[in-house]
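Student: I would like to go through the labels used for this model and see what each one rests on.
Tutor: Ask about them one at a time.

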Amino acid sequence: MAEGQTDLEARIIQDIHSKEIDLVNRDPKHINEDVVKVDFEDVIAEPEGTYSFDGVWKVSYTTFTVSKYWCYRLISTLLGVPLALLWGFIFACISFCHIWAVVPCIKSCLIEMQCISRIYSLCVHTFCHPLFAALGQVFSSIKVALRKEA
């Protein structure tokens, strides 16, 4: 049973590290759906009555689209790998802190809070419960009558 379990664990680890990436759909979870999807029409628009020449409009469209495409490719070529390394390091640090500091701290606090909650519950049941029960008995005989005077 232990050998079968290690084979399964080895396959899971291998699957995580050898995961194939999709070169066609590069945003499968749609995290950049509305954020960076910027087209010419989203940035430049001429209201009615202030149109430029048709040739200028077509050249502007082509210039915007091509320059955006190639600038993105150039910047991603130069900075993509270093930024991927940086973000990998940052998320590794966040994961490390979460696994080795945050969760143990929360668990420790929960354990301490359980002890404190027992003491608090004991104090409430010992002191507050009898006091409020007695006050309830004292004030239970008070009757309030509301009258509307004309």
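Predicted model: local features only at pLDDT ≥ 70, side-chain atom pairs only at ≥ 80, totals over all residues.

Student: Why is Tyr 69 called partly exposed?
Tutor: Buried means under 20% relative accessible area and exposed over 50%, with partly exposed in between (1.4 Å probe, protein chains only). Tyr 69 has 40% relative accessibility, so Tyr 69 counts as partly exposed. Residues are numbered from 1 along each chain as its sequence is written, and side-chain values use heavy atoms, leaving out hydrogens and water.

Student: What makes the pair of Tyr 69 and Trp 70 edge-to-face?
Tutor: Rings of Phe, Tyr and Trp (its six-membered ring) pair if their centres lie within 6.5 Å; planes under 30 degrees apart count as stacked, over 60 as edge-to-face and the rest as tilted. The whole structure has 6 aromatic pairs. In the pair of Tyr 69 and Trp 70 the centres are 5.2 Å apart and the planes at 85°, so the pair is edge-to-face.

Student: Why is the pair of Trp 87 and Phe 91 called tilted?
Tutor: Their ring centres lie 6.0 Å apart with the planes at 35°, so this pair is tilted.

Student: How do you know that Trp 87 is partly exposed?
Tutor: The relative accessible area of Trp 87 is 46%, so the label is partly exposed.

Student: Why is Leu 79 given as partly exposed?
Tutor: Leu 79 has a relative accessible area of 45%, and is therefore partly exposed.
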